[in-house]
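Please open the model in your viewer and keep the selection tool at hand. The tour below goes stop by stop.

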Amino acid sequence: MAKMTKAQREWRPGMPKKRRSTKVMFASTVLLLEAFVAFFGTLAVFGLKRGEVDPGIILGVGIALSVVLVLACAVLSKPWGIALGWGLQLVLILTGLAEPMMFIVGILFAICWWYGLRAGMRIDREVAQRDREQAEWDAAHSDEAGPQTP
(Lines give C-alpha, C1' and ligand atoms only; values in the text may rest on other atoms or scores of the structure.)
Protein backbone atom coordinates (compact mmCIF):
# COMPACT_ATOMS: atom_id res chain seq x y z
CA MET A 1 0.00 0.00 0.00
CA ALA A 2 1.25 3.48 -0.84
CA LYS A 3 2.37 5.75 1.96
CA MET A 4 -0.24 8.36 2.87
CA THR A 5 0.61 12.04 3.11
CA LYS A 6 0.07 14.04 6.29
CA ALA A 7 -3.04 15.68 4.79
CA GLN A 8 -4.46 12.25 3.91
CA ARG A 9 -3.79 10.88 7.42
CA GLU A 10 -5.43 13.89 9.10
CA TRP A 11 -8.49 13.98 6.83
CA ARG A 12 -11.84 13.11 8.35
CA PRO A 13 -15.23 12.88 6.60
CA GLY A 14 -16.96 16.24 6.45
CA MET A 15 -13.75 18.27 6.76
CA PRO A 16 -13.68 21.25 4.41
CA LYS A 17 -10.85 21.26 1.89
CA LYS A 18 -8.18 23.85 2.65
CA ARG A 19 -8.02 26.48 -0.07
CA ARG A 20 -4.77 27.07 -1.90
CA SER A 21 -3.49 30.60 -2.09
CA THR A 22 -4.01 32.20 -5.50
CA LYS A 23 -1.02 34.46 -4.81
CA VAL A 24 1.22 31.42 -4.37
CA MET A 25 -0.17 29.77 -7.52
CA PHE A 26 0.43 32.91 -9.61
CA ALA A 27 3.93 33.37 -8.15
CA SER A 28 4.77 29.71 -8.82
CA THR A 29 3.63 30.04 -12.41
CA VAL A 30 5.85 33.07 -12.98
CA LEU A 31 8.87 31.34 -11.39
CA LEU A 32 8.38 28.21 -13.50
CA LEU A 33 8.14 30.26 -16.68
CA GLU A 34 11.29 32.10 -15.63
CA ALA A 35 13.05 28.77 -15.13
CA PHE A 36 12.31 27.84 -18.75
CA VAL A 37 13.48 31.25 -19.96
CA ALA A 38 16.67 30.96 -17.88
CA PHE A 39 17.37 27.52 -19.33
CA PHE A 40 16.82 28.58 -22.93
CA GLY A 41 18.72 31.83 -22.29
CA THR A 42 21.59 29.69 -21.04
CA LEU A 43 21.56 27.76 -24.29
CA ALA A 44 21.56 31.02 -26.27
CA VAL A 45 24.52 32.42 -24.29
CA PHE A 46 26.29 29.06 -24.65
CA GLY A 47 25.94 29.29 -28.42
CA LEU A 48 26.88 32.95 -28.68
CA LYS A 49 29.72 33.25 -26.17
CA ARG A 50 31.19 29.78 -26.11
CA GLY A 51 34.56 31.07 -27.33
CA GLU A 52 34.72 33.95 -24.85
CA VAL A 53 33.63 32.23 -21.63
CA ASP A 54 34.24 28.68 -20.44
CA PRO A 55 31.21 26.57 -21.52
CA GLY A 56 31.18 24.81 -18.14
CA ILE A 57 30.66 28.10 -16.34
CA ILE A 58 27.89 29.18 -18.71
CA LEU A 59 26.01 25.89 -18.42
CA GLY A 60 26.65 25.51 -14.69
CA VAL A 61 25.40 28.98 -13.75
CA GLY A 62 22.44 28.87 -16.13
CA ILE A 63 21.22 25.42 -15.12
CA ALA A 64 21.75 26.24 -11.42
CA LEU A 65 19.61 29.38 -11.84
CA SER A 66 16.88 27.32 -13.53
CA VAL A 67 16.91 24.76 -10.72
CA VAL A 68 16.80 27.46 -8.01
CA LEU A 69 13.82 29.09 -9.75
CA VAL A 70 11.96 25.78 -9.74
CA LEU A 71 12.87 24.98 -6.12
CA ALA A 72 11.81 28.46 -5.00
CA CYS A 73 8.22 27.49 -5.82
CA ALA A 74 8.25 25.14 -2.83
CA VAL A 75 8.95 27.91 -0.31
CA LEU A 76 6.59 30.62 -1.56
CA SER A 77 4.13 29.92 1.26
CA LYS A 78 6.84 30.62 3.85
CA PRO A 79 7.17 34.19 5.15
CA TRP A 80 10.52 34.68 3.39
CA GLY A 81 9.49 32.94 0.15
CA ILE A 82 8.19 36.08 -1.56
CA ALA A 83 11.39 37.96 -0.64
CA LEU A 84 13.38 35.12 -2.24
CA GLY A 85 11.25 35.51 -5.35
CA TRP A 86 12.03 39.24 -5.49
CA GLY A 87 15.72 38.39 -5.18
CA LEU A 88 15.43 35.96 -8.07
CA GLN A 89 13.75 38.68 -10.13
CA LEU A 90 16.84 40.82 -9.59
CA VAL A 91 19.12 37.91 -10.55
CA LEU A 92 17.14 37.33 -13.75
CA ILE A 93 17.42 41.03 -14.64
CA LEU A 94 21.17 40.88 -13.98
CA THR A 95 21.54 38.03 -16.48
CA GLY A 96 21.38 40.90 -18.95
CA LEU A 97 25.09 41.36 -18.25
CA ALA A 98 25.70 38.13 -20.18
CA GLU A 99 23.06 38.74 -22.87
CA PRO A 100 21.66 42.29 -23.13
CA MET A 101 18.19 41.19 -24.25
CA MET A 102 17.78 39.52 -20.86
CA PHE A 103 17.51 42.99 -19.29
CA ILE A 104 14.22 43.43 -21.14
CA VAL A 105 13.06 39.88 -20.45
CA GLY A 106 13.99 40.18 -16.79
CA ILE A 107 12.16 43.48 -16.37
CA LEU A 108 9.06 42.09 -18.09
CA PHE A 109 9.09 39.06 -15.79
CA ALA A 110 9.54 41.31 -12.74
CA ILE A 111 6.41 43.19 -13.84
CA CYS A 112 4.58 39.86 -14.23
CA TRP A 113 5.80 38.84 -10.76
CA TRP A 114 4.56 42.10 -9.21
CA TYR A 115 1.19 41.86 -10.96
CA GLY A 116 0.78 38.18 -10.05
CA LEU A 117 1.40 38.95 -6.38
CA ARG A 118 -0.91 41.96 -6.42
CA ALA A 119 -3.75 40.19 -8.23
CA GLY A 120 -3.28 37.01 -6.16
CA MET A 121 -3.52 38.93 -2.87
CA ARG A 122 -6.68 40.69 -4.09
CA ILE A 123 -8.28 37.39 -5.12
CA ASP A 124 -7.27 35.73 -1.82
CA ARG A 125 -8.86 38.64 0.09
CA GLU A 126 -12.08 38.34 -1.92
CA VAL A 127 -12.23 34.57 -1.40
CA ALA A 128 -11.70 34.97 2.36
CA GLN A 129 -14.49 37.58 2.48
CA ARG A 130 -16.79 35.29 0.50
CA ASP A 131 -16.00 32.38 2.83
CA ARG A 132 -16.76 34.53 5.90
CA GLU A 133 -20.06 35.66 4.41
CA GLN A 134 -20.97 32.08 3.49
CA ALA A 135 -20.18 30.90 7.02
CA GLU A 136 -22.32 33.68 8.48
CA TRP A 137 -25.20 32.78 6.15
CA ASP A 138 -24.85 29.08 6.98
CA ALA A 139 -24.89 29.87 10.71
CA ALA A 140 -27.97 32.09 10.35
CA HIS A 141 -29.87 29.55 8.23
CA SER A 142 -28.73 26.29 9.82
CA ASP A 143 -32.21 25.50 11.14
CA GLU A 144 -33.69 25.72 7.61
CA ALA A 145 -31.07 23.48 5.99
CA GLY A 146 -31.74 20.30 7.99
CA PRO A 147 -33.37 17.26 6.36
CA GLN A 148 -37.16 17.19 6.57
CA THR A 149 -38.54 13.97 8.10
CA PRO A 150 -42.28 13.17 7.91
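Start with the largest pocket of this predicted model. Select Val45, Ile58, Val61, Gly62 and Ala98: among the 17 residues of the lining, these lie nearest the pocket's centre. The volume of the pocket is about 320 Å³.

Next, colour helix 2 (22–49), helix 3 (55–72) and helix 4 (81–94); each of them supplies at least two residues of the lining. Which helix gives the most to this lining? Helix 2 does, with 6 residues. By residue type, the lining of the largest pocket divides into 12 nonpolar, 4 polar and 1 charged.

Now select helix 3, residues 55–72. Within helix 3, show the side chains of the buried residues: Ile58, Gly62, Leu65, Ser66, Leu69 and Ala72. Look down the axis of helix 3: these buried residues fall within an arc of 135°, so they line one face of the helix.

Move on to helix 4, residues 81–94. Helix 4 has 14 residues and reaches 20 Å from its first C-alpha to its last, close to the 20 Å expected at 1.5 Å a residue. Which residues of helix 4 are buried? Select Gly81, Ile82, Gly85, Leu88, Gln89, Leu92 and Ile93. They cover an arc of only 145° around the axis, which puts them on the same side of helix 4. To see what covers these buried residues, display helix 2, helix 3 and helix 5 (101–140), which are included in the cover.

The last stop is the second largest pocket, which holds about 250 Å³ of space. Select Lys17, Lys18, Arg19, Arg20, Ser21, Val24 and Ser77, the residues that line this pocket. How does this lining divide by residue type? Into 1 nonpolar, 2 polar and 4 charged. For the largest pocket, the corresponding division was 12 nonpolar, 4 polar and 1 charged.

Terms used: Residues are numbered from 1 along each chain as its sequence is written. This is a predicted model: local features need pLDDT of at least 70, side-chain atom pairs count only at pLDDT 80 or more; totals for chains, interfaces and linings use all residues. Side-chain values use heavy atoms; hydrogens and water are left out. On a 1 Å grid over the protein atoms alone, a cavity is a set of points where a 1.4 Å probe fits but cannot get out, and a pocket is an open set with protein on both sides within 12 Å along at least five of seven lines; lining residues have an atom within 4 Å of a point. Grid points are joined across faces, edges and corners, and a volume is the space filled by probe spheres set on the points. Helices (H or I, at least four residues) and strands (E, at least two) are DSSP runs, numbered from the N terminus. Ala, Val, Leu, Ile, Met, Phe, Trp, Tyr, Cys and Pro count as nonpolar, Asp, Glu, Lys and Arg as charged, and the others, Gly among them, as polar. Buried means under 20% relative accessible area, exposed over 50%, partly exposed in between (1.4 Å probe, protein chains only). The arc is that of the directions from the helix axis to the C-beta atoms. The expected span of a helix is 1.5 Å times one less than its number of residues. Contact means heavy atoms within 4.5 Å.
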